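Biologist: Could you take me through one part of this protein up close? Please keep it simple and spell out the terms as you go.

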Amino acid sequence: MNTAHITRTNQLQESNHTVGQAQQQFATNLKNAIEQLNNAQQASDQKTKALASGQIDDLHDVMITAQKSSIMLQTGVEVQKKVIDAYNEVMRMQV
């Protein structure tokens with residue numbers, strides 16, 4: 001046996017979770033992703049307001065933060081669409 005095979009076997013053994021554990025991990029990951037998206041949106045809003053009120057004058061930083069926030073939101077929407085499509089596909093399967 002080579003080292004790569006042993007490593008892969010160990011990874012598979014570690015990834016054997018119960019359904020409840022997998023659901024909890026998925027829920028936790030989803031919550032963290034939503035919180036990160038929300039934090040990015042809030043940071044963008046705060047920097048935009050600060051720029052408009054004259055508290056900061058670094059337009060580049062504001063624009064970069066806004067663009068990052070926009071990309072995160074677009075990615076989140078696309079992932080949501082894919083999850084809904086996958087759910088619908090599973091629901092169409094005949095048992």
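**The patch and its helix**

Modeller: Let's start with a nonpolar surface patch of about 460 Å², made by Y87, V90, M91 and M93. Patches take residues with over 30% relative accessible area and no salt bridge, joining like charges within 9 Å and nonpolar side chains (Val, Leu, Ile, Met, Phe, Trp, Tyr) within 5 Å. A salt bridge is a side-chain nitrogen of Lys or Arg within 4 Å of a carboxyl oxygen of Asp or Glu. Areas come from the Shrake-Rupley method with a 1.4 Å probe, and for residues only the protein chains shown count as cover.

Keep in mind that this is a predicted model: local features need pLDDT of at least 70, side-chain atom pairs count only at pLDDT 80 or more, and totals for chains, interfaces and linings use all residues. Residues are numbered from 1 along each chain as its sequence is written, and side-chain values use heavy atoms, leaving out hydrogens and water.

Helices (H or I, at least four residues) and strands (E, at least two) are DSSP runs, numbered from the N terminus. M91 is exposed, at 53% relative accessible area; exposed means over 50%, buried under 20%, and partly exposed in between (1.4 Å probe, protein chains only).

Elsewhere in α3, V62, T65 and S69 are buried, and α2 (19-53) is among what covers the buried residues of α3. Cover here goes by contact, meaning heavy atoms within 4.5 Å.

Zooming out, the chain has three helices and zero strands. Buried residues make up 7% of its 95 residues.
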